Amino acid sequence: MTVLTRGAYAGPGTSLDFKTGNWRSTEKPAHIHAKAPCHAACPAGEDQQAWFAKLQEGHAEDAWRELVSANPLPAITGRVCPHPCETACNRVAVEGALAIHNVERWLGDEAMRRNWAYPVTEPAEDAPDVAIVGAGPGGVSAAYHCLRHGLRATLYETAPEAGGLLRSAIPRTRLPRETIDAELARVLGLPGITLHTRARLGRDVTIDELKRKHAAVLLAPGCQEGKEWSVDGAVPADLHEGLHLLKEFMDHGAVPEAKNVIVHGGGNTAMDLCRIMKRSGAETVTLITASVLPGPDADPSDVINVVPRELEEALEEGVEVIEHATINRLIMKGSQVCGAEIQSLRKLPGQDGRSRRVGFEGTERVINVDMVIPCIGERVDPEGLNGLVDHGYLRPSDRFGRLAEERVLALGDARGDRGTVADAIGDGRLAVSAVAAQLAGESDPPADARGEMPSGGLNLGYYEGISRAVAPKLAVADRTFDKEIEGDIGRAAVMAEAERCMACGNCLACDNCWTFCPDNAVIKTEELAVDGSHYLFDMDFCKGCGICAHECPTGFIQMLPEEAGG
Amino acid sequence: MSTEGQDAARLAELRQKFGREPLPPREGEAEQSPRDAQPRFRGLESGHRACQGCGEALAARLVMECAGPDVMIANATGCLEVFTTAWPQSAWRVPWVHSLFENAAAVASGMEAAMKAKGRNTKVLAFGGDGGTYDIGFQALSGMLERYHNVLYVCFDNEAYMNTGIQRSSSTPHAATTTTSPAGKERMGKRHLKKDLLSIIAAHHIPFAASASVAYAADLQRKVRYAMGVDGPTFLVVHSPCPLGWRHASAMTIEVARRAVECGLFPLVEIERGAVTNVMPIRDVRPVTDYLSLQGRFAHLMKDADSRAAEERAHLQALADYNIEVFGLRGDSPDAADTTGTAVVGRSGRPAGRI
Ligand SMILES: Cc1cc2nc3c(=O)[nH]c(=O)nc-3n(C[C@H](O)[C@H](O)[C@H](O)COP(=O)(O)OP(=O)(O)OC[C@H]3O[C@@H](n4cnc5c(N)ncnc54)[C@H](O)[C@@H]3O)c2cc1C
Ligand SMILES: Cc1ncc(C[n+]2csc(CCOP(=O)(O)OP(=O)(O)O)c2C)c(N)n1
Ligand code: SF4
Ligand code: SF4
Ligand code: SF4
Ligand SMILES: [Mg+2]
């Protein structure tokens, strides 16, 4: 008998029959997958957030495997990359960017110490074979990514060893030989990659031949030819062109003697040469650059294009810099330089809207020098390139590197719009992805259209200040020509550094949404959640209050219009 | 129609109205739903009728998670009682009794005595709003504490009589506007001060009395667990923002609660037998305006043209500074249990070594 009185009671939890989900008016919460800024900024395409997540779980090898899914050379990039990821890192809004490059380097070194296996398998015996010209970082990355796509790769390299500028130009104080040798050997030793050294395009092979023998031809010859340099027609008899001088130094360990040196340029070659000349005993070394040193007021597009750490160390070592300046005139004694006239300039917008550099009358001054080293850039050596070179570079038409010729793609420095090791590595990955898609009869892989998570999208209240790891460094007095300057931070600091990662735009599995939803509408379930988090929204009960989105530390939850899908 | 028939018809009508289908048997279900598999006790379920972003609903859920399942509740009249039990449904999954507005503590005392008589260990909880605790239920509460009943009394403090339309209570902060303390030409909101209830409770010399906030869930739950283990009267007041009454965006509930603590207006303290035994230090003390400016109930204090506004802002700042001084809330150095340290998250929950 049903007795219904004011004292009757309802069954436990029967409110579940009442679906409050229809109270939502305009917005509903959703897991959005935004790119972490570090990832968005990485030219090699690494997802730092993803590998920091593995480190946070305590799995270093998994972190390395995640890292090398994009970049096979972390021990190298961890040492030389200008790390735009750190510049982009949202942690700047708390107390400072993560020391991403130090962690990357440690992972690369640790993989070699422990001989972790690259996550690739040997391609089939009859898999398509891709020809790659040039075994610099770009070519090596391309070869590695061929394996990831089930393709074989054959590298043609004119030098006796692989490595490109890593070996021939970047000083050992920044990138020890042992590191290059060990990491390249591990990649080039993977089954499915064949390396022909002393094989020069134009001399030993031709593009047409390669096209006949291979499924595609990737050109990664870098830029090996110095640009011509003269000041109003004056060219000193003993002109030392920057890259040439540097390569000679790398081979023989010596540079010509000079007391007062001017280096003219604003890139890595200029910076490395300044430091080498200073260390070789030059009294003064002055860098003349049209660009500006980084600083709060500096226009980012005008800032000198070098690894920030290198600039810092060069200044520490006593290199002087005259920014926003150029060389107007060389003061000669016969055919020897004995001075240079410097003039201030600025990058200003011209009549047509395009900016150009304008020299200012009345700012000329003369510096006494006995050597001027131009480092104003290099171009592609056109030999064997079938006339594909246009004004010094290969200038492909898209991000994959396509050239006018069918099945021929360009990557790395030779493109003309690149300039770092990480760029070249990223190019290798992109070019191979396009080749693989084409071979499979598919259209080009789509660009990652996800938005980027800015620091304003995070809830910074859930992170506390933890100071950034500081790498040990040789004191200026102890620096030599071959001892590495920056040291290893070590496992403990790596793990502590990983804890600082805020997981921008991705789920941290922190439970905040699950804890703070007043309506129990967040369900924690590792089994059913398939989107990289461990949580589902129960839309039957979610009232759309927005608390979960506001309290999600990483911005992974956002309120979307009710109509939106997903 | 027979009485029985009438009842059945009425029940059918109610079920029709609330869309209730008879529940399938819950026991022995072949597959556990993800909801049933949640790794926490769901003493207060979904489907309750609290407003979007209700701090009180959240606070009650957090309390239930670590108090249940072997508890029974006496709940005073107020929002919590109303929104959880819209007949014929209940969001509770423990024995729950609706007392009157004024007597939750008295009813809980009786329940506790009954449990004792039956030789049962089931802990009795008493829930009330600030109206039901600071005001009308106060003498019943005082009696319960003085008679030393083994009851945990939780006051969900949303700083006004919300269920009846935002009337001021003795817990409403100074200068807040409510329907019975409206800001206008005559007054800048409530003229009087927020009652220092915790000190009065402490004067009963009970084993444990504390304040907590929905913004610091881990701290709140630690306090509940501690109180559950005490054999005797314990008291918890939980700061629970009300988006409707405080007039803030529903998404800002936690943010508002957090700022109340960080500015010093709602200090988190623990008192045992009359003595302060712990406080949550504030790592970065915020100005009260950070807290006030998020809420419509203080909007009149943000008008620069009104000189009274500046004075009231200064008054509230002085009250916050007073709390910080008397409870020693300013942290000397970063601490894992201070306002920032308690909030910090890490992968898969809170960093090791935190409460
Ligand atoms: C002094 C200096 C310092 C630098 N420092 C940094 C730094 O700190 N960080 C950073 O990210 N980048 C730095 N760079 C830039 C970086 O080295 C290059 O961007 C990168 O090496 C480009 O890689 P790549 O594979 O495109 O070309 P390269 O490294 O130039 O490799 C090209 C390879 O192709 C081979 N090759 C050329 N022509 C042929 C041919 N016809 N047939 C067969 N093989 C051929 C070459 O021998 C070479 O091995 C620096 C560059 C210089 C010069
Ligand atoms: C004796 C008595 N007076 C008045 C009421 C009407 N009434 C019901 S709830 C309520 C206010 C409740 O306020 P509070 O205790 O702060 O709880 P809240 O709704 O804010 O959570 C009032 C005045 C009542 N139920 N009983
Ligand atoms: S905090 Fe982590 S995810 Fe965010 S930008 Fe920095 S490294 Fe990337
Ligand atoms: S907190 Fe809960 S009710 Fe509010 S939007 Fe998120 S899931 Fe929905
Ligand atoms: S609140 Fe935490 S657990 Fe929830 S989605 Fe955001 S990061 Fe993940
Ligand atoms: Mg109230």
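**Aromatic contacts, a magnesium site and a ligand shell**

Across all chains, the structure holds 12 aromatic pairs. The model is predicted, and the values reported here are computed from it.

In chain A, one aromatic cluster is formed by A:Trp64, A:Trp116, A:Tyr118 and A:Tyr144. Aromatic rings of chain A also face arginine residues of chain B. B:Arg49 lies over the face of A:Phe18, at 3.5 Å from the ring centre. Over the ring of A:Tyr462 sits the charged end of B:Arg258, 5.3 Å from the ring's centre.

Chain B provides the donors of the magnesium ion (ligand 6), namely B:Asp130 through OD, B:Asn158 through OD1 and B:Ala160 through O, at 1.9 to 2.1 Å. The spacing of these donor residues in sequence is D-x27-N-x1-A. B:Asp130 and B:Ala160 link distant parts of the chain, 30 residues apart. B:Asp130 is in helix H5 (residues 130-135) of chain B, whereas B:Ala160 is in the loop between strand E4 (151-157) and helix H7 (197-202) of chain B. With a relative accessible area of 0%, B:Asp130 is buried; B:Ala160, at 3%, is also buried, since the cut-off for a buried residue is under 20% relative accessible area.

The residues around ligand 3 include A:Ala36, A:Pro37, A:Cys38, A:Gln49 and A:Phe52, together with A:Cys89, A:Asn90, A:Leu98 and A:Ile100. A:Cys501, A:Met502 and A:Cys504 are also among them. Helix H1 (37-41) and helix H2 (48-56) of chain A each supply at least two residues of this shell. By class, the shell around ligand 3 comprises 10 nonpolar and 2 polar residues, with no charged residues.

Helix H2 of chain A also takes part in the packing of helix H15 of chain A. In H15 (residues 491-500), the buried residues are A:Val494, A:Met495, A:Glu497, A:Ala498 and A:Arg500. These buried residues pack against H2, helix H3 (60-68) and helix H6 (100-114) of chain A.

Key. Residues numbered from 1 in each chain as written. Chains lettered and ligands numbered in written order. Predicted model: local features only at pLDDT ≥ 70, side-chain atom pairs only at ≥ 80, totals over all residues. Heavy atoms only, no water. Near = heavy atom within 4 Å. Helix = DSSP H or I, 4+ residues; strand = E, 2+ residues; numbered from the N terminus. Nonpolar A, V, L, I, M, F, W, Y, C, P; charged D, E, K, R; others polar. Buried < 20%, exposed > 50% of the residue type's maximum accessible area, 1.4 Å probe, protein only. Contact = heavy atoms within 4.5 Å. Donors = N, O, S within 2.8 Å, 3.2 Å for Na, K, Ca; no water. Phe/Tyr/Trp six-rings, centres within 6.5 Å; stacked < 30°, edge-to-face > 60°. Lys NZ or Arg CZ within 6 Å of the ring centre and 35° of its normal.
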